[in-house]
Amino acid sequence: MLSTMDLKSTYEEQGYVVALRLFSLDEVTFLREHYMRIRAQGPYPGDLVGVDATSEDPLKRYPRMIHMHHWDEVSLRCLLDERLNNMLTLLLGQEPYAVQTMLYFKPPQARGQALHQDQFFLKVQPGTCMAAWLALDQCDEANGCLQVVPASHHWPILCTTQADTSLSFTDVTVPLPPEQEIHPVLMEPGDVLFFHGSLVHGSLPNTTPNRFRRALIGHYISGNAEQVTAFMRPVLRMDGTTVAFEVSEPGGPCGVWVEKDGQPVIELSGIETNITFRSE
């Protein structure tokens with residue numbers, strides 16, 4: 001693993017960094033089996049869609065789980081894990097607050113998720129949010145690993161457009177200039193990807209015939225934050241106690257790409273709409 005100095009400098013420069021083997025293979029195996037078992041038991045609070053074991057859509061057979069830490073002790077322990085807290089504190093410069101857990105199953109032939117910025121949805125003020133994305137399987141381009149736009153955390157929140165729902169299970173995305181590079185993040189089970197709330201990221205479909213790409217994600221917010229969307233409450237300190245938070249206002253300015261002197265630049269000339277993205 002990179003030294004703490006290298007981890008922090010990479011994160012500050014690129015907006016993301018991977019902590020290798022932060023969780024052991026035994027821990028990953030336990031988590032993978034735990035979530036497969038409870039997903040098979042039916043719907044839970046926080047599910048945006050129900051489980052349909054007979055559907056031809058893999059994401060309806062294995063829909064993502066949200067806010068599991070509200071009712072599952074294993075998820076709560078992971079969200080507040082000391083190793084994650086240490087890394088988040090290093091990268092953010094102060095201990096964060098914890099707000100969300102998610103489990104993406106991404107079975108074979110499942111769609112991916114269009115490029116987006118987490119801060120568009122969490123609306124943390126002041127500061128930003130951060131994700132800790134724990135790989136529970138080997139993640140590569142074939143099974144739809146995460147893809148990122150390096151250094152895009154320096155951008156403002158971009159105005160969203162309609163996504164291609166034949167490739168993405170969500171229906172909003174952010175546009176990019178034609179020549180913009182998008183990098184795949186290859187990961188092994190137990191690796192954790194930490195990334196800034198404004199980093200543009202997403203994933204392509206899982207094109208494999210028999211490989212899952214499962215990931216456990218924790219979302220956190222800056223320790224100096226005072227507002228967040230209502231969906232993210234209650235907000236937790238990293239010791240598990242709750243802290244009062246105001247609800248952030250919807251809307252606000254967003255960036256659009258324009259051309260100046262032959263180069264694409266972002267202007268804050270748009271207004272965010274109240275989009276509640278569709279999750280199929």
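Here are a few friendly notes on the cysteines, aromatic pairs and ring-charge contacts in this predicted model.

1. Let me start with the disulfide. The count comes to 1, and the bond joins Cys159 to Cys254 with an S to S distance of 2.0 Å. This link is right-handed, with 90° about the S-S bond. It connects distant parts of the chain, 95 residues apart: Cys159 is in the loop between strand 6 (146–148) and strand 7 (161–162), while Cys254 is in strand 17 (residues 253–260). Both Cys159 and Cys254 are buried.

2. Cys145 is buried at 2% relative accessibility, and Cys78 is buried at 13%.

3. Next, the aromatic pairs, of which the whole structure has 7. In one of them, the ring centres of Tyr97 and Phe245 are 5.3 Å apart with planes at 80°, so the pair is edge-to-face. Tyr97 belongs to strand 3 (residues 97–104) and Phe245 to the loop between strand 15 (242–243) and strand 16 (246–247), 148 residues apart.

4. Trp155 and Trp257 also pair edge-to-face, at 5.0 Å centre to centre and 85° between the planes. Since Trp155 lies in the loop between strand 6 and strand 7 and Trp257 in strand 17, the pair ties together parts 102 residues apart in sequence. Trp155 is buried at 16% relative accessible area, whereas Trp257 is partly exposed at 24%.

5. Finally, Arg83 lies over the face of Phe23, 4.1 Å from the ring centre. The charged end of Lys123 sits over the ring of Phe120, 4.8 Å from its centre.

Note on methods
Residues are numbered from 1 along each chain as its sequence is written. This is a predicted model: local features need pLDDT of at least 70, side-chain atom pairs count only at pLDDT 80 or more; totals for chains, interfaces and linings use all residues. Side-chain values use heavy atoms; hydrogens and water are left out. A disulfide is a pair of cysteine sulfur atoms within 2.5 Å. Helices (H or I, at least four residues) and strands (E, at least two) are DSSP runs, numbered from the N terminus. Buried means under 20% relative accessible area, exposed over 50%, partly exposed in between (1.4 Å probe, protein chains only). Rings of Phe, Tyr and Trp (its six-membered ring) pair if their centres lie within 6.5 Å; planes under 30 degrees apart count as stacked, over 60 as edge-to-face and the rest as tilted. A charge sits over a ring if NZ of Lys or CZ of Arg is within 6 Å of the ring centre and within 35 degrees of the ring normal.
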